[in-house]
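Have the sequence and the 3D view open as you read.

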Amino acid sequence: MKCRLLTTIPLVLLLAACLGAEEKKTMMETREKAPAEPGEKVIKTDAEWRQELTAEQYRILREAGTERAHGAVYKEFKQQGAGSYHCAGCGALLFSSKEKFDSGCGWPSFYDPAKAENVRIKLDLSLGMKRLEVICAKCDGHLGHVFEGEGYNTPTDKRYCINGAGLVFVPAGKTAKPKPEPAEESKR
Ligand SMILES: [Zn+2]
């Protein structure tokens, strides 16, 4: 009798330890998986980007270029009504007409992103200036810069100064295409 009890106790302890470890493992798995869910990264080779984007889109999104102020894209932007603005590289929702305002600077301006998790801010020390670069969090495409405290009468007093060529406008009620096809003539 005494002998059987002695063999039973370690077995119970071992079983309890195993169950505990199993539980811990499940918790860790859940924790590791969670952050990957909201934003899947869009990673492409340079050759793929060159093929998919127009020359202007490539220059802006992949080479951190800036479009001409008060250009055709900006004029088009000013005419656009209600809708959302998506990344021309990966289609992620970035801004919307709700946050759009007329800053008069010559580039599309927004006081806030429409989906904050899709927009990343990075310190940019190029051209001898200290600026905050605005990047698409999904494909790392360069969008423009953000300036704060300039005295605009908006809820945030921030100006997301964005290159229109890096955005694709989707009018309200329409569905965004997962990947916009560049127009044939602007591809040349
Ligand atoms: Zn993107």
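The largest nonpolar core has 27 residues, and those touching the most other members are Cys87, Leu94, Val134, Cys136, Tyr160 and Ile162. A nonpolar core here is a set of buried Ala, Val, Leu, Ile, Met, Phe, Trp, Tyr and Cys residues joined through C-beta atoms within 7 Å. Buried means that 20 or more other C-beta atoms lie within 10 Å of a residue's own; exposed means 12 or fewer, partly exposed is in between, and C-beta atoms are placed from the backbone. Two or more residues come from each of helix H3 (55-61) and strands E1 (83-87), E2 (93-96), E5 (131-136), E6 (142-148) and E7 (158-162). Helices (H or I, at least four residues) and strands (E, at least two) are DSSP runs, numbered from the N terminus. In soluble globular proteins, nonpolar side chains tend to be buried together.

Before going further, please note that this is a predicted model: local features need pLDDT of at least 70, side-chain atom pairs count only at pLDDT 80 or more, and totals for chains, interfaces and linings use all residues. Residues are numbered from 1 along each chain as its sequence is written.

Now zoom in on Leu94. Leaving aside residues up to four places away in sequence, Leu94 touches Tyr85, His86, Cys87, Pro113, Ala114, Lys115, Asn118, Val119, Cys136, Leu143 and Leu167. Contact means that the C-beta atoms of two residues, placed from the backbone, lie within 7 Å.

How do E1 and E2 run where 3 bridges join them? They are antiparallel, and they form a hairpin with 5 residues between them. In the turn, Gly91 has a positive phi of about 85°. Ser84 has Ser96 in E2 as its bridge partner, while Tyr85 has Phe95.

Stepping back, the protein chain has 5 helices and 8 strands, running α-α-α-α-β-β-β-β-β-β-β-β-α from the N terminus. Of its 188 residues, 26% are buried.

Finally, a word on confidence. The mean pLDDT (the predictor's confidence in each residue, from 0 to 100) is 83 for the protein chain, with 73% of residues at 70 or more. Over residues 8-37, pLDDT stays under 50, and the model has 0 contacts there beyond four places in sequence. Where pLDDT is low, the predicted coordinates should not be read in detail.

Key:
Two strands pair if DSSP finds at least two bridges between them.
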